[in-house]
Amino acid sequence: MTCGKAVEIRGLSVGYDKRPIFHAADLSMGCGEFVGLVGPNGVGKTTLFKVILGLLRPWAGSVEVLGVPMKTPRQINQARRQIGYLPQQNQAGKLPITVYDSVLIGRWGSSFSAFRRPSAADKAAVNDVLQRFGLSPYRHYDWRALSGGLQQRVALARAIVRQPRLILMDEPTTYLDRETQKEIYPIASELNRSSGITFVIISHDQGTLERYASRMMMVTGSKIEEISCRSSPC
Amino acid sequence: MSQFSVLTLPFMQRAVVALVFSSMTLSLLGIVVLVFNLAAVRFALMHMGLLGATVGLATGTDPTMAGLAAITGGAFLLGPVSDRTRLDTGAASAFFMTGSLAIAFILLYKANIPAMDAFSVFTGSVLMLTPTDMWTLLLLGTCVVLAMVIWYWEINLVLYNRDLAAALGVNTRLIYYVLLVFLGLAIGIAMKLVGALMVDAIVLLPAMVALPLSRSLRQALLLTSLIGGASSMVGIAASLTWDWPISASVTIAGVLAVFVGQMVQYVIRRLRMQQEDLPHASKGSAKR
């Protein structure tokens, strides 16, 4: 499948209730890019992800994800099937869930759902990803008992098992110690290079992210601005 | 004649079936309460039950049915009100709890109703169950189990991470609201079975034991159901053997199950600390 733009946003205005977060904002990301997204707290970085995921409808403007206009529920679902998403790990894990199941749920909506149980192909895909991420020895472990670094590796495996063309990571290193933080970006960077998956990563750690990102963007004052670019063309 | 010969009496058979079945099915909702931290919701719904009972007494309708209707209505309203007002469900519960209590007291005063008549909705007796009550309970329990089976992966996702579930396309709001309504109905039914003060014995205690001991939602559901059923049976047996009130016996059995569960967890943690061989992870569910 050809891919011109991973994300194409034109004249986006969106917010909560009547409070605008973005006003006439534009954003364009090519396929295969590794984009770092920075900005102060509460400025709208996660909101931008919600728009890309079709969870928040724009007040004005157009949004296209992987060439699909995000207008109808069918189009939104079509785009979502190709997106891997790692939300902020701000929920204290109370639910017991094995590493295996935690990765398997990443296939929900793309190949199984309420009345379609996980197939043999789903299970084979999970086994393959667990192997690739070195998680096979932990497959029956409770996710809650893993270290922060392993939990993030599981989250990335869950995104990958969906076979996405775009991965959105929301502050993946926030609750990790310094040493473990260093593991996450290289894994993402390697996946970006080897599989051509587009990565968009929100982080407060601009310095570290800049080392891996082909483009850095900043969300500020209801706009999205490019602050550096190493890819070509920018 | 042994103490257990009372089990041949129809009202006693209904009581046993109702207690064991509700402990095995309605207890599954305890997992939802614990994971979403919905403890306050239970109290809000109970107080709405009090308001319903008061309205029932004031209007001459059955206070128990009116209480149940109010609980169900409250469960329907809680989710949407919480979403619209952007309050978390706990805060919305406080709003409902205090509001319904205040209105109930004004009604009690104005309609000259003895407060104890309204508070009678808080006291239940499993021995007074009618066949209709029992069939209603069986229907609700079956619906809860069916929802857990059919929506297993969706519920798994919503309980694991609501943001992730929504991003994957799960209708998180629908599932959350349905679970809240089931919880409301379960609390209403459990109040009729064991009284409001012991609702937790049926809805919460089994899940409190099972969650820390489980490694997956599937395990947690099975374990909760087994522990719920077992503590009910032990409670009923204790009640018959020592002539204790049946609700209190079932509750004591549930409390003992929590105690035993904590002991088992402690032993497992100690054993794992001794046998730990993986540097970054521990198998099972030891708390971090």
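This is a predicted model: local features need pLDDT of at least 70, side-chain atom pairs count only at pLDDT 80 or more; totals for chains, interfaces and linings use all residues.
Trainee: Let's begin with chain A. How many helices and strands has it got?

Mentor: Chain A has seven helices and ten strands.

Trainee: How compact is chain A for its length?

Mentor: Its radius of gyration is 17 Å, and the globule rule gives 17 Å for 234 residues, so chain A is as compact as a globular protein of that length. Along the principal axes, the C-alpha atoms of chain A fill a box of roughly 50 × 40 × 35 Å.

Trainee: And what share of chain A is buried?

Mentor: Of its 234 residues, 47% count as buried. As for contacts in chain A between residues at least 6 apart in sequence, 68% of them join residues at least 24 apart.

Trainee: Pick a helix in chain A. What about helix 6?

Mentor: Helix 6 of chain A covers residues 178-195, which is 18 residues. From first C-alpha to last it reaches 27 Å, close to the 26 Å expected at 1.5 Å a residue.

Trainee: Which of its residues are buried?

Mentor: In helix 6 of chain A these are Ile184(A), Tyr185(A), Ala188(A), Leu191(A) and Asn192(A). Looking down the helix axis, they fall within an arc of 125 degrees, so they line one face of the helix.

Trainee: What do those buried residues pack against?

Mentor: Their partners in chain A are strand 3 (34-38), helix 5 (148-160), strand 7 (166-170), strand 8 (198-202) and helix 7 (206-212).

Trainee: Which residues are exposed on the other side of helix 6?

Mentor: On that side of helix 6 of chain A, the exposed residues are Glu179(A), Pro186(A), Glu190(A), Arg193(A) and Ser194(A). Just after the helix, Gly196(A) takes a positive phi of about 70 degrees.

Trainee: Over to chain B. What span should helix 5 have?

Mentor: Helix 5 of chain B, residues 89-110, has 22 residues and should span 32 Å at 1.5 Å a residue; its end C-alpha atoms are 31 Å apart, which agrees.

Trainee: Which residues of that helix are buried?

Mentor: Ala92(B), Ser93(B), Phe96(B), Met97(B), Ser100(B) and Ala104(B) are the buried residues of helix 5 of chain B. They line one face of the helix, because seen down its axis they fall within an arc of 135 degrees. They pack against helix 3 (39-59), helix 4 (63-85) and helix 6 (115-119) of chain B.

Trainee: What does the face turned away from the buried side carry?

Mentor: That face of helix 5 of chain B carries the exposed residues Thr98(B), Ala102(B), Ile106(B), Tyr109(B) and Lys110(B). Just after this helix comes Asn112(B), with a positive phi of about 55 degrees.

Trainee: New topic. In the largest nonpolar core, which residues touch the most other members?

Mentor: Leu29(B), Leu183(B) and Ala190(B) do, in a core of 162 residues. Helix 10 of chain B (residues 172-194) gives the most to this core, with 14 residues.

Trainee: What is Ala190(B) in contact with?

Mentor: Setting aside its neighbours within four places in sequence, Ala190(B) is in contact with Ser22(B), Leu26(B), Val199(B), Ile202(B) and Val203(B).

Trainee: Last one. How many residues of each chain take part in the contact between A and B?

Mentor: Chain B puts in 33 residues and chain A 26 residues. Helix 2 (28-36), helix 8 (152-160), helix 9 (162-168) and helix 13 (217-242) of chain B are the elements that give two or more residues to the chain B side. The largest share of that side, six residues, comes from helix 8 of chain B.

Trainee: What classes of residue are on the chain B side?

Mentor: The side of chain B that touches chain A has 18 nonpolar, ten polar and five charged residues.

Key: Residues are numbered from 1 along each chain as its sequence is written. Chains are lettered from A and ligands numbered from 1 in the order in which they are written. Helices (H or I, at least four residues) and strands (E, at least two) are DSSP runs, numbered from the N terminus. The expected span of a helix is 1.5 Å times one less than its number of residues. A residue is buried if 20 or more other C-beta atoms lie within 10 Å of its own, exposed if 12 or fewer, and partly exposed in between; C-beta atoms are placed from the backbone. The arc is that of the directions from the helix axis to the C-beta atoms. Two residues are in contact if their C-beta atoms, placed from the backbone, lie within 7 Å. A nonpolar core is a set of buried Ala, Val, Leu, Ile, Met, Phe, Trp, Tyr and Cys residues joined through C-beta atoms within 7 Å. Ala, Val, Leu, Ile, Met, Phe, Trp, Tyr, Cys and Pro count as nonpolar, Asp, Glu, Lys and Arg as charged, and the others, Gly among them, as polar. The radius of gyration is taken over C-alpha atoms; the globule rule is 2.2 Å times the number of residues to the power 0.38.
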